[in-house]
Amino acid sequence: MTLRKAERNDLARVMEITRAVVPLMQAAGNTQWSDAYPGLPRFEQDCNNGSLHVYEEKGGIMGFVVVDDEHPEAYGKIGWEVPQSKSAAMHRMAVDPQSQGKGFAGHMVKSVESMLVDAGYAGIHTDTSLENEKMQHQFEKRGFEFRGRLHLDENEDDWYVAYEKVFKMDK
């Protein structure tokens with residue numbers, strides 16, 4: 001099982017996973033993703049800037065995640081333990097529905113954490129839709145702490161929840 005930076009030829013598989021995940025999210029009452037978001041242009045941008053990562057097992061892509069230093073403006077209102085300048089942000093994570101329930105999400109998050117610790121980060125910030133209880137459970141199961149609620153767009157009825165994981169650094 002390997003987390004690696006995505007290449008352009010991985011984008012078709014990323015979109016295939018996205019198209020498979022969206023209906024499941026919406027059926028669960030989570031409208032964070034749609035047919036329009038996240039779309040191919042967003043993933044192309046993520047790939048071009050080196051922030052899109054794919055998670056492989058036996059040569060097949062099981063999931064993907066975006067990890068970068070781009071903290072949304074609304075993150076400035078959250079009481080983080082680790083300042084944004086010393087943390088990365090994690091966005092747009094999904095596991096192929098046919099591979100869900102097999103621990104891939106946990107392995108992906110653990111791989112992201114290892115990558116960030118090796119790069120000298122002190123923590124990771126992330127968010128998900130208030131309705132995305134599945135992802136909130138994943139964060140809490142992996143030791144992330146709830147840090148607050150926020151809006152990421154103009155829709156005042158559209159709440160997100162922020163989570164943080166502080167890495168235990170050797171001194």
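Visitor: What should I know about the model before reading it?

Guide: The model is predicted, so local features need pLDDT of at least 70 and side-chain atom pairs count only at pLDDT 80 or more, while totals for chains, interfaces and linings use all residues. Residues are numbered from 1 along each chain as its sequence is written, and side-chain values use heavy atoms, with hydrogens and water left out.

Visitor: Let's start with pockets. What is the volume of the largest pocket?

Guide: First the idea: on a 1 Å grid over the protein atoms alone, a pocket is an open set of points with protein on both sides within 12 Å along at least five of seven lines, whereas a cavity is a set of points where a 1.4 Å probe fits but cannot get out. Grid points are joined across faces, edges and corners, and a volume is the space filled by probe spheres set on the points. Here the largest pocket has a volume of about 1100 Å³. Of the 45 residues lining this pocket, Gln32, Met93, Thr128, Asn132 and Met135 are the closest to its centre; a lining residue has an atom within 4 Å of a point.

Visitor: Which helices and strands each supply at least two residues of that lining?

Guide: Helices (H or I, at least four residues) and strands (E, at least two) are DSSP runs, numbered from the N terminus. Helix 1 (11-27), strand 4 (87-95), helix 3 (104-118), strand 5 (123-129) and helix 4 (133-141) each give at least two residues to the lining.

Visitor: How many of the lining residues are nonpolar, polar and charged?

Guide: Ala, Val, Leu, Ile, Met, Phe, Trp, Tyr, Cys and Pro count as nonpolar, Asp, Glu, Lys and Arg as charged, and the others, Gly among them, as polar. By that scheme the lining divides into 18 nonpolar, 14 polar and 13 charged residues.

Visitor: Now helix 4. Which of its residues are buried?

Guide: Buried means under 20% relative accessible area, exposed means over 50%, and partly exposed lies in between (1.4 Å probe, protein chains only). In helix 4 the buried residues are Met135, Gln136, Gln138 and Phe139. Seen down the helix axis, they fall within an arc of 155 degrees, so they line one face of helix 4; the arc is that of the directions from the helix axis to the C-beta atoms. Glu133, Lys134 and Lys141 are exposed on the other side.

Visitor: What do the buried residues of helix 4 pack against?

Guide: Their partners are strand 4, helix 3, strand 5 and strand 7 (160-166), where contact means heavy atoms within 4.5 Å. After helix 4 comes Gly143, with a positive phi near 90 degrees.

Visitor: Which residues of helix 2 are buried?

Guide: In helix 2 (residues 40-48), Phe43, Asp46 and Cys47 are buried. They fall within an arc of 100 degrees, seen down the axis of helix 2, so they line one face of the helix. Pro41 and Asn48 are exposed on the other side. The cover over the buried residues of helix 2 includes helix 1, strand 2 (52-57), strand 3 (60-68) and strand 4.

Visitor: And the strands: how many bridges join strand 2 to strand 3?

Guide: Two strands pair if DSSP finds at least two bridges between them. Strand 2 and strand 3 run antiparallel and are joined by 6 bridges, with His53 partnered by Val65 in strand 3. Strand 3 is also antiparallel to strand 4, over 5 bridges, and there Gly63 stands opposite Val95.

Visitor: How does strand 5 pair with strand 7, over how many bridges?

Guide: They pair in the antiparallel sense over 7 bridges, and Ser129 stands opposite Tyr160 in strand 7. Strand 6 (residues 145-150) is antiparallel to strand 7 as well, with 5 bridges, and Leu150 stands opposite Tyr160.

Visitor: Last, backbone angles. Where does Lys58 lie?

Guide: Most residues other than glycine have a negative phi, and most peptide bonds are trans. Lys58 has a positive phi of about 50 degrees and lies in the loop between strand 2 and strand 3. At 84% relative accessibility, Lys58 is exposed. Arg92 in strand 4 has a positive phi near 40 degrees, yet is buried at 12% relative accessible area. The peptide bond from Tyr37 to Pro38 is cis, with omega near -10 degrees, and Pro38 lies in the loop between helix 1 and helix 2.
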